[in-house]
Amino acid sequence: MILSWRGRLAARACRSRGVLATAAVYGLGGRFLTRGFYRAQGELVVGKPGTGGCMSLSFDVDYPEDAESLPEVCSFLDKLGLKASFAVVGRLVKSHPDLHRAVLDAGHEIINHTYSHPENELLHRGQQFDDLSAQEQKEQILQCHRVCQDLLDVSPQGFRAPHFGNVEGRLFYEILAGLGYRFSSSLTSAASPEFGLPFATEHGIWEFPVSCCPRHPFAVLDTWHSFRKPRARHSRAGQFSALVGELLELVCQNRGYLNLYLDPRDLVEFEEVRLAVELLASGKDKIPALTYGSHLAMILNRLSARE
């Protein structure tokens, strides 16, 4: 498909991602690229039925504080009528099985987030997941899968790699396909080949990219970027929820895809995060909020109907 000039500009900026490209994007204003990015989504989605016109909410359960927050998070989501996907770490499932089981009891989705989350300062110091060998990555995925089967009586169909990065050179899509997995959410929208729309990888795994910040389009719009990292970008009252609202509006206008990723403890700790999730819930009358598994089922049904 031939993109508009705005779409081509957004594509070039995202694919360059060097110092000069970043300076140019932020110099023009991140919102300039973001608007072009979602217009490009709108152009592409016409030929990709089911990929756009919806949103997803996910949580990474990376620390004991996240696990301890799960009952309150599930209660909050239930009041809003939202279902979410929870990326779980095998070691934490082993130490907090009842808290993780409550996620399933509430009707949410569990996805595999490795056994020990490499480069987690508490669970697995000193190694990044992308630096592991293919066999080591497979063991991380398999161990978490078996823990979920044994303790939660669920076999995850989806995966999220620790931290996000580029799709090129990654080994785990082939591993996931060999293990019978169906989808992943391990990539940022800025690094994706379809402007953040879900897409099928060469190994048949569907990737659901995580949305980036409208002001800083190469960074994930999450609570680390906004609240917790040194010189956090959007910690003042009203900022984070306004950015989520901005993405929601762009997605509704262009029939694109919004994939918001949060940490459970931050929904409990920060009122601003709760306001952002309430904003998502208010958008359900315009676009549906789907777990990754439900979204994939919709995409496959639409593709089947076209054949």
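Mentor: Strand E2 is joined by 4 bridges to strand E3 (residues 109-112), and the two run parallel; strands here are DSSP runs of at least two residues, helices are H or I runs of at least four, and both are numbered from the N terminus, while two strands pair if DSSP finds at least two bridges between them. Within this pairing, Ser-85 stands opposite Glu-109 in E3. The model is a predicted one, in which local features need pLDDT of at least 70 and side-chain atom pairs count only at pLDDT 80 or more, whereas totals for chains, interfaces and linings use all residues. Residues are numbered from 1 along each chain as its sequence is written, and side-chain values use heavy atoms, with hydrogens and water left out.

E2 also pairs with strand E1 (residues 54-61), again through 4 bridges and in parallel, and here Asp-60 is the residue opposite Ala-87. Together with helix H4 (residues 64-80), E1 and E2 make a right-handed β-α-β unit; right-handed says that, with the strands pointing away from the viewer, the path from the first strand over the helix to the second runs clockwise.

Turning to the faces of E2 (residues 85-88), both are covered, with Ser-85 and Ala-87 buried on one side and Phe-86 and Val-88 buried on the other; buried means under 20% relative accessible area, with a 1.4 Å probe and protein chains only. Phe-86 touches, leaving out residues up to four places away in sequence, a set of residues including Phe-59, Val-61, Leu-70, Val-73, Leu-77 and Ile-110, where contact means heavy atoms within 4.5 Å.

Phe-86 is also, with Leu-57, Phe-59 and Leu-77, among the residues with the most contacts inside the largest nonpolar core, which has 63 residues; such a core is a set of buried Ala, Val, Leu, Ile, Met, Phe, Trp, Tyr and Cys residues joined through side-chain atoms within 4.5 Å. Helix H10 (residues 239-254) gives the largest share of this core, 8 residues. A second, separate core of 11 residues includes Phe-159, Phe-172, Ile-175 and Ile-205.

Asp-263 lies in the loop between strand E8 (257-262) and helix H11 (264-269).

How values were computed
Buried < 20%, exposed > 50% of the residue type's maximum accessible area, 1.4 Å probe, protein only.
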